[in-house]
Amino acid sequence: MKIDFREAKSIITKSNIPSIDFVINPYTGCQHGCIYCYAEFMIRFTGHKGDKWGQFLDIKTFDFNKIKPKKYDGKKILLSSVTDPYLPLEKKYQNTRKILEKLVGTSAEISILTKSKLVVRDIDLFKKFERIRVGISINTLNDEFARVIERAASKPTERLDAVKKVSEAGIETYVFISPFFPEITDFKAIIEEAVDYTDKFSFENLNFRPHNVPRIMKTVKEHYPNLILKYKEIQKDRAYWDILEDEIIKYCEMNKLNYEIHFHHGGFSKS
Ligand code: SF4
């Protein structure tokens, strides 16, 4: 892993994501190295041409005292969108923690999203916010498969344990079932595991993008060879997602769950 320090012009930036006003990415790059990652385009914009996603990390340097919590009152902030706020190196560099410490006092709605058990370290800080929700993303309960697709993230069991601890501390939680791997992601099993300590479930489809298709297909071929033809079909015929969306809605309604579905990327959801 190539580690560097780079001065950031700003650390809380305006967002292009619908319904999110600001995003915070404390690092450039991501140690988790997920095979499907959609943030890989960052290589082009951050002077990392020639580097491989998942093999470099810039620790952003910034005068955190410049963060004015009141500036964000009433806004929605996501932490993070193109990295994970609780990467293994967050333990050492603590950029996420330093930023949150400076944001205490804001009435912004802060949404934390991670694949790391390290998130429990900051429970003391989360308690200081008026409006904060902490989520984990997860798409399998199979620790071995997770290790293949999300190399350096915490095991699914550890993520679930983390969200449980956060919930037990009285903090709002959510579970983001993402990205949904057709015929591999057992969403009902994940919900059953997490339902007692999760306030909301969100769902996102697997996005086939030119940069990730070879990796996804190779992984499916190696680990679920019987599914490779199905994946090729789904890549071409997106009707699969509409059927799945109906199934999710039916299940969530039947079980009176609080949920939202984000099957919109690529513009192919019926909704
Ligand atoms: S944790 Fe998120 S940003 Fe990091 S590699 Fe995985 S999908 Fe990409």
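What share of the 271 residues in the chain do buried residues make up? They come to 33%, where buried means 20 or more other C-beta atoms within 10 Å of a residue's own, exposed means 12 or fewer, and partly exposed lies in between, with C-beta atoms placed from the backbone. This is a predicted model, in which local features need pLDDT of at least 70, side-chain atom pairs count only at pLDDT 80 or more, and totals for chains, interfaces and linings use all residues. Residues are numbered from 1 along each chain as its sequence is written.

View 1. Helices (H or I, at least four residues) and strands (E, at least two) are DSSP runs, numbered from the N terminus. Along its principal axes, the C-alpha trace spans about 55 × 45 × 30 Å.

**View 2. The largest nonpolar core, with its 54 residues.** Such a core is a set of buried Ala, Val, Leu, Ile, Met, Phe, Trp, Tyr and Cys residues joined through C-beta atoms within 7 Å. Ile77, Val119, Val163, Val175 and Ile177 touch the most other members. Strand E9 (residues 172–180) gives the largest share of this core, five residues. Not counting residues up to four places away in sequence, Val175 touches several others, including Ile136, Val163, Ala194 and Phe201; contact here means C-beta atoms, placed from the backbone, within 7 Å.

**View 3. Strand E7 (residues 109–114) and its partners.** Five of the six residues in E7 are buried. Strand E6 (residues 76–79) pairs with E7 in the parallel sense over four bridges, and two strands count as paired if DSSP finds at least two bridges between them. Ile77 has Ile110 in E7 as its bridge partner. E7 also runs parallel to strand E8 (residues 132–138), joined by five bridges, and here Ile110 stands opposite Ile132.

**View 4. An open sheet in the order E1-E5-E4.** The pairing among these three strands is mixed. Strand E1 (2–7) and E4 stand at the edges with a single partner strand each, so one side of each is left without a neighbour in the sheet. E1 pairs with strand E5 (residues 56–61) in the parallel sense over six bridges, and Asp4 stands opposite Asp58 in E5.

**View 5. Gly33, in the loop between strand E4 (27–28) and helix H1 (42–45).** Gly33 counts as partly exposed because it has 17 C-beta neighbours inside 10 Å. Gly33 and Ala152 are 119 residues apart in sequence, yet 6.6 Å apart in space, C-alpha to C-alpha. Leaving out residues up to four places away in sequence, Gly33 touches Gly54, Arg151 and Ala152.

Key: Two residues are in contact if their C-beta atoms, placed from the backbone, lie within 7 Å.
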